[in-house]
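Let's walk through some charged side chains together, one question at a time. Have the structure open as you read.

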Amino acid sequence: MKQLKEIECFLPCEDIREAANLCTMFQSQEETVIRHIYLLTKEADQAHVVLPEGVSFLQIETLLSSQTMRLIAEKSSAPYTLLLLKPTALSLGYQAIERFVQVAEQTQAAMVYADHYSEAAGQRKPHPVIDYQAGSLRDDFDFGSLVLLRTTDLKAYATTMGQSNYHYAGWFELRLYLSRVGVLFHLNEYLYTEKEDDLRLSGEKQFDYVNPRNRDVQIEMEYAATEHLRLIDGLVNMNEYETPDFQATSFQHEASVIIPVFNREKTIKDAVQSALKQTTNFEYNVIVVDNHSTDGTTAILQQLAKENERLVHLQPNRRDLGIGGCWNYAINSEACGRFAVQLDSDDLYSSENTLQRIVNAFYEQKAGMVIGAYRMCDFELKTLPPGIIDHREWTDENGANNALRINGLGAPRAFYTPLARAIKFPNTSYGEDYAMGLAFSRQFRIGRIYDELYLCRRWGGNSDAALSIERVNANNLYKDRLRTIELVARQAKNRQCN
């Protein structure tokens, strides 16, 4: 006869009626013994509330704090602990908890998480999640709202990491700990349905981590991620950076603005003219890699090249190039200058001084790569939320390490060309710039300019304005893969130095 496995459940409680419904649903799961349900509440006095048998309140300060994680570890006594990570309306699938426990038993995972359905505006849609890997260091990794933890690992965390006092990063620290001691197992079965309250488009959500209102949260997340990297020997010592020799190679031009383009007849002229209007005390050119456009882009570029000899219009013979491949094509051309400076075909430089300021920063900061700040705007150049993206979370002491936690490093990006030729962009059309930033930051200083240099124009045709969950997952999986590659490279470098 099958032995039923016991679990204890910890559920956030903001609405007592909704929490009571959750308790009833959890207790009705016939295949698993729910030893006890704790309702996590910030309210100090709940004595007047009558709860069902086997349910009690557990007072907390904030849901995802270190204190809450340790309190859960202290209270949990069953082999498994089920944790709801946010207050949300939730419905369990058929035998869902039994399946969570069964997979945990068979895999011996430290944590099990699963695909689910999301319900928004009366519609239920599949919400798959992705596999966890070593580079899944984003604090916003999507596990869904329901996770099953092995209680022995939870208690070991409380003992091992008992000195931390994170207000926001407790759950982040816990799951990083679990990834060090065991497997975070993704079960790609749809085990529950959760209500989706954040109805913003993907293009709005992606900048939450640089919103100044979230700064206190991000500082804690950085501390937790940095400690994790220290424990797995993945830190970069930024005091040991190499200094580039900018005179090692001769160039006809001091700088080149690089613009890869495919089918941007509505925006390419503005971008090119923005680059050609730069005022500098050095020679520069503008290299546009036209990746076999099929609209009017090519004709526009041909006409612009006739009017201005600074414009180099390249058309590759190959037809398998992504944006990264176009960058490699540009920086390896004889026309490329000492510094290669990014400008996307949708965007503009903020002023005529952008290029000069970027080149100055290379010499002043002895950097192998330079990144500026940009402003989100529409086509009338009116500011869009969250406004200026300056990535002030970057520090000279820890920027390279925090780069493994965040999803981007900023724009415009510029590279010392010989180093960019040696490192090489991955031939993709997403994340290629992030891959370069990670690789550069392992060995060379990344210079920063925190003033606005660049206008990132958002319009209906932008590729990241409103992505499907499948596309979001594919993007996140790839950036996690880039982080995994970089983490392994950093660990190998540290082993060689020890």
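Q: Which residue forms a salt bridge with K86?
A: Keep in mind that this is a predicted model. The closest N and O atoms of the pair are 3.3 Å apart, under the 4 Å cut-off for a salt bridge. K86 sits in the loop between strand 4 (80–84) and strand 5 (90–92), and its partner, 108 residues apart from it, is in strand 9 (residues 184–195). That partner is E194.

Q: Is E194 buried or exposed?
A: Buried means under 20% relative accessible area. E194 has a relative accessible area of 4%, while K86, at 30%, counts as partly exposed. E194 is therefore buried.

Q: How many residues apart in sequence are the parts that R138 and D480 tie together?
A: R138 and D480 form a salt bridge, with their closest N and O atoms 3.0 Å apart. R138 lies in the loop between strand 7 (123–127) and strand 8 (146–150), and D480 lies in helix 15 (residues 469–497). The pair therefore ties together parts that are 342 residues apart.

Q: Which side chain of opposite charge is nearest to D115?
A: D115 lies in strand 6 (residues 111–120). D115 is buried yet has no salt bridge. Its contacts include H127, H186 and Y190. The nearest side chain of opposite charge is 11 Å away, and it is R99.

Technical notes: Residues are numbered from 1 along each chain as its sequence is written. This is a predicted model: local features need pLDDT of at least 70, side-chain atom pairs count only at pLDDT 80 or more; totals for chains, interfaces and linings use all residues. Side-chain values use heavy atoms; hydrogens and water are left out. Helices (H or I, at least four residues) and strands (E, at least two) are DSSP runs, numbered from the N terminus. Buried means under 20% relative accessible area, exposed over 50%, partly exposed in between (1.4 Å probe, protein chains only). Lys and Arg count as positive and Asp and Glu as negative; His and the chain ends are not counted. Contact means heavy atoms within 4.5 Å. Lists of a residue's contacts leave out its neighbours within four places in sequence.
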